[in-house]
Amino acid sequence: MPIVPVLPVRDMVIFPGVIAPLFVGRPRSLRGIEDASLNDGELLVVTQRDNSSDDPTRPEDLYSMGTLCRVMQMVRIPDGSTKVLIEGNSRARVEAYAMRGDFLSADVTQVTFEGDLSSRSEPLRRAVLEQFERYVNLHPKLPIEIAFSLSNVEDILLFADIIASHIQIKISEKQELLELIDPEARLDSLLRLLIRETELLEMEHSIHDKVRKEIEKNNKEYYLKEQLKAIQAELGQPDPTNEYDDLMIKIKRSKMPKEVEKKAITELDRLAKMPQMSAEATVSRTYIEWLVDVPWRKRSKDRLDIGIARQVLDEDHYGLDEVKERILEFLAVQRLSGKEARRGQVLCFVGPPGVGKTSLGKSIARALNRKFTNFSLGGMRDEAEIRGHRRTYIGSLPGRIIQKLKQAGVRNPVMLMDEIDKVGTDFRGDPSSALLEVLDPEQNNSFTDHFLEAPYDLSQVMFITTANVTHTIPKPLLDRMEIISIPGYVVEEKTHIAERHLLPKVLKDNGLGGIKVAVSDQVIKKIITEYTREAGVRDLDRQLSKIARKLAAKIVCDNEGGGRLPRSVSVSLASIKKYLGAPKLHDARLPRKDSVGAALGLAWTESGGDVLVIETVAMKGSGKVLFTGNLGDIMQESAQTALGYLRSCASKYSLSSIEWDKTDIHVHVPEGAIPKDGPSAGVTMALSMLSALGERPIRSDVAMTGEVTLRGTVLPIGGVREKILAAKRNGINNVILPKDNGVDVDELAEWARDGMTFHYVSGVSEVFNLALSKNASGK
C-alpha cells in the first residue's frame, strides 16, 4: 500500500480520466504537490467534508475515498497562489492519514473494478448519453461539444466518470458517485440524477419564459398608454381617468385629521411619479384608498329614547333583565352627559352556547340606532389579524377592526367580537395582547393599525365580546371588560322563547308563514324535556325546524294535484313521535326512587350546568378503591379525601364493623365517554360511599355540590347559578349547598329560586342527615 501526499480540495470532486486546473494557496498542500512533482509520483486529491475548515488534517475532516492524480503542470502566480494542472488516474481508498514532514500524506489502496459487465451495460450507457445530451442542451454553462465528444468514448468506466464530473449536483452526491465501484450501479445512479436535474432545468426555463413574456406585456402596455397620453395631450383632450385628481378630491372630502391628510397627499405625490403597472404603485394606491374609505368623522346618531330601547330589547329577547338594565343605564348616562362626553363601553357576555349572546349584540345596535358589525376571534392566532399587516408586503391589508369600521361606514358602531375565550397564540404573535389596546378606553382613542400607520380613535365604538368561559381569557384582558353573565334557561323560559321568537322564525324560514300552525305549550314542553338537553335553545330550534320541514313536506305531498293549501295545521302530543322519533329520555339515568349508593351531584360544564349520578358499591376484596367513568385527577383525589374522612370517623357513622382491608369500593360516574373533573363532587361521593358501606338509601329528590376536607368541612364552590338551573331543569327541588355560597343564591333572579328549597351546610355530617333516607330499605 503506497504512501502518497494528500491534496485536500473543497467544492469539487476529481474523477479518474479528468484533467482539471486547481488554484492552491495552502502551504501544506503546496509542499505535498512539490514532493509529488520532484519524486515523479502521484498525489491523492480528496474532498473536504466541511468547506469552512482552512487546514483539514484530521481523518474526520476528509472523505475516505479520493482520486490518485498526476501533476501535469505547476505555475506560480504573482498573487502568491499556485496554479496546478492535474489528471485523475484511478480511485483510491484511504487506510490511514498521517503527517509526513510538514505536509499531509495517506496510506492508500488503489480501487479498480475487476468483474465483467453484463448485457444491460450498453443500453444503460446509451440511456445516460441521451439524457446527458438533454441536460447539456438545457444547461446555460455547458457547451454542446461535451456531449458530442462522449459518443466516441467506448470505456464505460471513463464514460461514467466524465459525465459525473460535468453535471452540477451537490458535492455529497458527487462523492457517492466516486465511491461507486460497479460501473453499472454508477450509471444507474447517474441516470436518476440526470433525469432529476433535467426536470428542474425544464421548470426553470418554463418560469423564465413566463416572466419574460409578462415583462414584455407590461412594457408594451406601458408604452401604449404613454403614447395614448401623448396623443390626448396633442389633441388638447383632458385625461378622463385622471387618477391623481380623483384621489385628491376623495382625500379632501373624507375629513380625515390634518396629520393623516398630509400623509395621504405625500403618498399620492409618490404614486403620481411611479409607473402605473408597478407592484409598488399597487401598494401605494391601496393604502390611499383605505385612508379615504375609513370613516374618520361620520357617525350615526344615537337614539337615546329609553322607552323605545326597552321595547326593542323586549321584542328581540325574553328575560335577560340584567343585560337590558345595563343597556338602559348606558343610554341614560349618554343622555345626561352629551354624545361626545362619554367614552365607548366594553361589555363581555359570558354564558353557555345557544343562550342568545350574539343575537343580543344585534338587538343592542337596533335599540341604540347604531350600525352593527361582528367577527369571530375563535382560533385566531396572528396578531396582524387585529393590528393589520405592514405595507412592506404586496397584498397587505388593515386588521379586522379597521376593516369592520370601513364596512360599517361610521366611527361609532356596535362591534361584537365572538368567542374571545378561544383566541390562540403561536409564533406569529398573541392576538389577545393586541386586544389589550383595543379594549382599553384609556388607550383606544389613538389605536394605530400597522397598515394605516396613523392613529385612529376607537373610543366611540361600543365593543361587545362573547365567551363561554372566563378562565381561558388572560387576566389583563378580562380586567378591561365588564362581565355580564347570561345563565341558561329553564323549561318555562324556553317555552316563552319558542312561542315568541323561535316558532315564528322557523315557520317563515320553512315556507309556512302563510299557514297557521298550532303548537300548544304542552307540545313545546314535551319537546324541551324529552328531545333536548341544553342550557340554551339552539337544539330546540333544530327540533322545531325538523317538525316544520316535515309539515311542509306533508302539505306539498297532500296537494300535488293543485288543490288549495290548508289554512291551518296543528301539532299534537301524539304526533311528536312521528315527526321527531322516539323520545331521547335524557333524564332516565336519574334514579326515580331512594336507592343505596346512588347520589345526585351538580356539575358545571361549558354548556351550562348538569346533574351527575355518582354510584358506589362495596364488596368483599382486598381493600382496593376503583374509580371509573373517566374521572380526572382532582375528582379522584376528592373521592380519596371523602373515604379518608369516613374511615377516620367510622364509629360515628356505624362503620366500625367494616374490615377495610377486606372490602373493595368501586365508585362510578355514568357516561364514561365524557371527561369529568373538579373538587365540587366531594360531598356527593362521601354520601354515596357512606350509603354503600352502611346500606342506607339516599333520597332521589335531593342534589348537592360542595368540596369536602379530611376533617369533614364543606368548602364553597363555583358555578352555583348553572348548577341550580340544572337541578330545576331536571325537576329536583331540594339542593344542598355550602353555607358560604348563600350569597350566590341571593343574587339569583326570583324565577330561578321559585319552587326550590336550599339547604346550607358547613359540615358533611349535615349532608348525611339531609340526604340519607329515613327509610331503611332502598336496594
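Me: By class, how many nonpolar, polar and charged residues does the lining of the largest pocket have?

Reply: This is a predicted model, where local features need pLDDT of at least 70 and side-chain atom pairs pLDDT 80 or more, but totals for chains, interfaces and linings use all residues. Numbering starts from 1 along each chain as its sequence is written, and side-chain values use heavy atoms, with hydrogens and water left out. Take Ala, Val, Leu, Ile, Met, Phe, Trp, Tyr, Cys and Pro as nonpolar, Asp, Glu, Lys and Arg as charged, and the others, Gly among them, as polar. The lining then splits into 16 nonpolar, 15 polar and 11 charged.

Me: What volume does that largest pocket have?

Reply: A pocket is an open set of points on a 1 Å grid over the protein atoms alone, where a 1.4 Å probe fits, with protein on both sides within 12 Å along at least five of seven lines; lining residues have an atom within 4 Å of a point. Points join across faces, edges and corners, and volume is the space filled by probe spheres set on them. For the largest pocket that comes to about 900 Å³.

Me: Which residues lie nearest the centre of the second largest pocket?

Reply: That pocket holds about 750 Å³, and its lining has eight nonpolar, nine polar and 10 charged residues. Of the 27 lining residues, the ones nearest the centre are His317, Gly356, Ser359, Leu502 and Val537.

Me: Is Asp539 buried or exposed?

Reply: Buried means under 20% relative accessible area and exposed over 50%, with partly exposed in between (1.4 Å probe, protein chains only). Asp539 has 19% relative accessibility, so it counts as buried.
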